[in-house]
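Have the structure open while you read.

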Amino acid sequence: MITTNTIITRLLLAIVIGGIIGAEREYRNKSAGSRTMILISVGSCLITILSLTIGLPNNPDRIASNIITGIGFIGAGVIFKSDDKVRGITTAATIWLTAALGMGAGAGFYIISLLTTVITLVVLIVFSLLETKIDSFNQIRTYKIVSALSTNQLKKFEELFIENHLKFKNTKKYRINNDLIGVWVVQGKQVDHDNLIAFILKDPTVTDFEF
């Protein structure tokens, strides 16, 4: 039988784990912050404790086994599509892992739970910095340029992409009244994108520019 002091210790550990991971998500202004992560961690911890207590002696894992299934509904709520990109997958994975850490605390695996929390922070912080560095060398952006109608206008912009060492693929070309509209998917270094954007913003023939 699990004693009251042990239950309190495990719940406090779950609060610490959820608070640490939640603070990192809160700092990055993600949809699941400190309160959410603490509740997930503590909830998973408590359900695991109850499962171990109620399920004895035959099925101590019967109740706890549903945590991972149930947490999927919360994780799905933070995933959304924006600007042709799927966002929130990292936060959803963090929610899933926080539930697992809460289960670890509830089952009494203190050292493993704390060690995994540290590993989680390393992945979220260090690899985020690494991704930012990689992104500066290889950014993919969608450019929509609206300019005055001219025969060689779109070709002029494509020549600018080449001059700025950017790879590109034209996805749309169309005309509305006296405007010529082109949409490109452009890939290259951030500094090259910045140089191109600065040049296009100064172009008097460009009436609208999305990037």
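Predicted model: local features only at pLDDT ≥ 70, side-chain atom pairs only at ≥ 80, totals over all residues.

Strand 3 (residues 139-148) and strand 5 run antiparallel and share 10 bridges; two strands pair here if DSSP finds at least two bridges between them. Residues are numbered from 1 along each chain as its sequence is written, and side-chain values use heavy atoms, with hydrogens and water left out.

Helices (H or I, at least four residues) and strands (E, at least two) are DSSP runs, numbered from the N terminus. On its other pairing, strand 5 meets strand 4 (residues 167-176), again in the antiparallel sense, over nine bridges. Strand 3 also pairs with strand 6, antiparallel, through four bridges. Here are the pairings with one bridge partner each:

| Strands | Bridges | Partners |
|---|---|---|
| Strand 4 and strand 5 | nine bridges | Lys 169 and Val 185 |
| Strand 3 and strand 6 | four bridges | Val 146 and Asp 208 |

Put together, four strands make an open antiparallel sheet in the order 4-5-3-6. Strand 4 and strand 6 (206-210) are at the edges with a single partner strand each, so one side of each has no neighbour in the sheet. From one strand to the next, the twist averages 15°.

Two helices pack on this sheet. Helix 6 (residues 153-163) touches strand 3, strand 4, strand 5 and strand 6, and its direction makes about 15° with that of strand 5. Helix 7 (residues 190-201) touches strand 3, strand 5 and strand 6, with a direction about 10° from that of strand 3. Contact means heavy atoms within 4.5 Å.

Is strand 5 mostly enclosed or open? Seven of the 10 residues of strand 5 (residues 179-188) are buried, so the strand is largely enclosed by the rest of the structure. For reference, buried means under 20% relative accessible area, exposed over 50%, and partly exposed in between (1.4 Å probe, protein chains only).

Most residues other than glycine have a negative phi. His 165 isn't a glycine, yet has a positive phi of about 60°; this residue lies in the loop between helix 6 and strand 4 and is exposed, with a relative accessible area of 62%. Asn 177 has a positive phi of about 55° and sits in the turn of the hairpin formed by strand 4 and strand 5, with two residues between the strands. At 64% relative accessibility, Asn 177 is exposed too.

Last stop is the helix pair. The axes of helix 2 (residues 34-54) and helix 4 (residues 89-106) come within 7 Å and cross at roughly 40°. Axes are lines fitted to C-alpha atoms, for helices over the stretch in contact, and angles run from 0 to 180 degrees between N-to-C directions. The two helices are therefore oblique to each other, given that angles under 35 degrees count as roughly parallel, over 145 as roughly antiparallel, 65 to 115 as roughly perpendicular and the rest as oblique. Among the residues in contact are Met 37, Ile 40 and Leu 52 in helix 2, and Ile 95, Gly 102 and Met 103 in helix 4.
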